[in-house]
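Work through the exercises below with the structure in view. Try each task before reading its solution.

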Amino acid sequence: MSNKLEIKNLNVSIGDKQILKDFSLTVPKGEVHAIMGPNGTGKSTLAKAIAGHPDYEVTSGEVIVDGESIMDMEADERSRAGLFLAFQYPMEIPGVTIANFIRAALNARLPEDEELNAPDYYKSLYAKMDMLKIDRKFTARSVNDGFSGGEKKRCEILQMAMLEPKYAVLDETDSGLDIDALKIVAEGVNSMRGPNLGALVITHYQRLLDYIIPDVVHVMYDGRIVKSGPKELALELESRGYEWVKELAGEVAAS
Amino acid sequence: MSESSDAISPIKEAFNRHIEDLDTAPSWWKKSKSEAFDTFESIALPTRRDEPWRFATVKGLELTDVRFAALPSISDAASLVARSNFIENFSGRFVFGDDQTLQADRISPELAEKGVIWAPFREAVSKHGDIVKDYFMKQEAALGSEKFAALHRAFMENGALLYVPRGVEIEDAFVVYNWSINAGSAIFPHTLVITEDLAKVKLVEANLSATEDAAAFSCGVNHIFAGVGSTVDYTLLQNFNEQTLGFQINSNVAGKDSNVKTISVNVGCKRYRSETHGQIKGAGSKVEMLSLAVADHDQEIDQRTLQTHSAPNAVSDLLFKNALVDNARTIFSGLIKVDPGAQQTDAYQTNRNLLLSGTAEANSLPGLEIDANDVKCSHGATTSQIEDEEIFYMLARGITREKAQELIVYGFFEEILERISCETVAENARQIIQDKFKKRLSK
């Protein structure tokens, strides 16, 4: 079995507008890849398309998880197959507590006649909340309801830690975070790094990559990857700016 | 025996039999019943042209299939009493089955010593006649069901009287279970709560069916008289089977500086009509009127409310939330009335409907009638569907679409459920709602 997340020649449209253009990328399990790029280049579209959002029409290409195509799967099946999307803008769900929400997600992964053991569940939930410096009282609060930006993002990482995905896509997880919150989120992600997780970190700014050091950096522009390289590429991009990306895109288009 | 040649209507005949069966009851009680029956007969059946019945189904209100004053046969009393277990620690419990007393758990000697009265109505009529004369059905039905309030008064024969004297605070709730048992039977649940100054009490009422398929009729009344500075906390769980036609006519009078909270959880009935009147008669009082309904298939839940402010500096807060599936219908019609003297009133009225299908129908008629000039009043009604993005967020966590919808509905109701003060009652309410969804999935 191949141990990687493969995105192959993915073309994605919203309505009449094509956003992703023959997009290809492979994230081997155990590695963290970063995607950087200017606004409007299709980064969030990529995240939503991988997760199976119905508004994003995949006109061709596929996404393969450990050798198995997930293109025919609904969003919930993709999640249960081991994919996780940390949302840029997590939804608020009034009246559904974090504890019940995560429990429902975990129960969905069990055979129909089985349920989580409650004491074990809370033990594991509290351990992960402690790690992410989330007050335990939050278990009784409604998911994202009235949370600050930082709390929402930590709550996303908490869900990721509890669901233990094979591959995680983190969409602008750094947006709206102050430096302290950013460090906590990064620590959380780093603690999950290892041979069982592949991660794709989508970000607009290099700042996050000071704390989550990527194995590979990809630069994205106009719906495709225009350059890939080691972590230093992020610094180069930071110093040369996104104008440079346009030049790179020109070269890619010309080649 | 009835003669077919008699012109007398079956319901009149049943009423005569009912009065005969009350042979030992005081004559004033029988007289008041006879007057009520005359009132019932004198009021025309509602039509949809009547404003208080707008949008409601009025067909079937002739009650031709109902057997009034039938002698019930109750074979499974013990199991019904065993199922009457929403609260473990209660101050008193009555279990009624087709209006017969199946179980009466009395108050402790300490409470009796303090003057608390907790009596089944039959007993109350003979032993506490003065209280019954002063308070029984002394709050007029004001929202359209005058005819059915009269019917209730004519036929009711059981229920609970709870009287709490001055300064007595009781922590553990009182609880009443009204079981509908036999097909075609009519029950008339009645709870009457009277608190004197500074008293504090909780009452929980559960209206339930013994079986899934016995079509029956229920016409209940709850009246609360909250004395000065007293606190009354009332919760009603209505989970009759979906063959039942139900009426519930509730009203409360809030005295000066009193706190009254009423919560209704409506899950059952084929058709259910509830009327809730908050009468803010004392300055500085606070009245909360909360309700939730979950309606599916062809259920119709018809809710009429009135908040009458006739004293200053008082607060009333109404929140009715409905979730609708399939072809279900709900009606919310609410009015806030502020009298000229009720300055500094804070009155809120909110109706929120969540549609889970394209064929469900939520009707909302909020209203204000304000004759004072220094008040804060707001009313609002919204009807919405579950947002796709909310569902997608849950799908992205591996939760199935059905489960995601369910969780959103449960979450929608939490705003009401978390305000139920007895935790085990809230838990039972949650369970009843969840069971309704489970039943849908298993069909």
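Predicted model: local features only at pLDDT ≥ 70, side-chain atom pairs only at ≥ 80, totals over all residues.

**Exercise 1. Find how strands E18 and E20 of chain B pair, and over how many bridges.**

Step 1. Locate strand E18 (residues 346–355) and strand E20 (residues 376–385) of chain B. Strands here are DSSP runs of E with at least two residues, helices are runs of H or I with at least four, and both are numbered from the N terminus.
Step 2. Read the pairing: E18(B) and E20(B) run in the parallel sense over 10 bridges. Two strands count as paired if DSSP finds at least two bridges between them.
Step 3. Pick out one position: Thr350(B) stands opposite Gly380(B) in E20(B).

Residues are numbered from 1 along each chain as its sequence is written, while chains are lettered from A and ligands numbered from 1 in the order in which they are written.

**Exercise 2. State which strands stand at the edges of the open sheet of 4 strands in chain A.**

Step 1. Write the order: E2-E1-E4-E5, with antiparallel pairing.
Step 2. Look at the ends. E2 (17–28) and E5 (68–69) of chain A each have a single partner strand, so one side of each is left without a neighbour in the sheet.
Step 3. 2 bridges join it to E4 (residues 57–65) of chain A. Ile64(A) stands opposite Ser69(A) in E5(A).

**Exercise 3. Describe how helices H2 and H7 of chain B cross.**

Step 1. Take H2 (residues 27–42) and H7 (residues 146–155) of chain B: their axes come within 8 Å and cross at roughly 150 degrees. Axes are lines fitted to C-alpha atoms, for helices over the stretch in contact, and angles run from 0 to 180 degrees between N-to-C directions.
Step 2. Classify the angle. H2(B) is therefore roughly antiparallel to H7(B) (over 145 degrees; under 35 is roughly parallel, 65 to 115 roughly perpendicular, the rest oblique).
Step 3. Name residues in contact (C-beta atoms, placed from the backbone, within 7 Å). Among them are Phe37(B) and Phe40(B) of H2(B), and Leu151(B) and Ala154(B) of H7(B).

Methods:
Contact = placed C-beta atoms within 7 Å.
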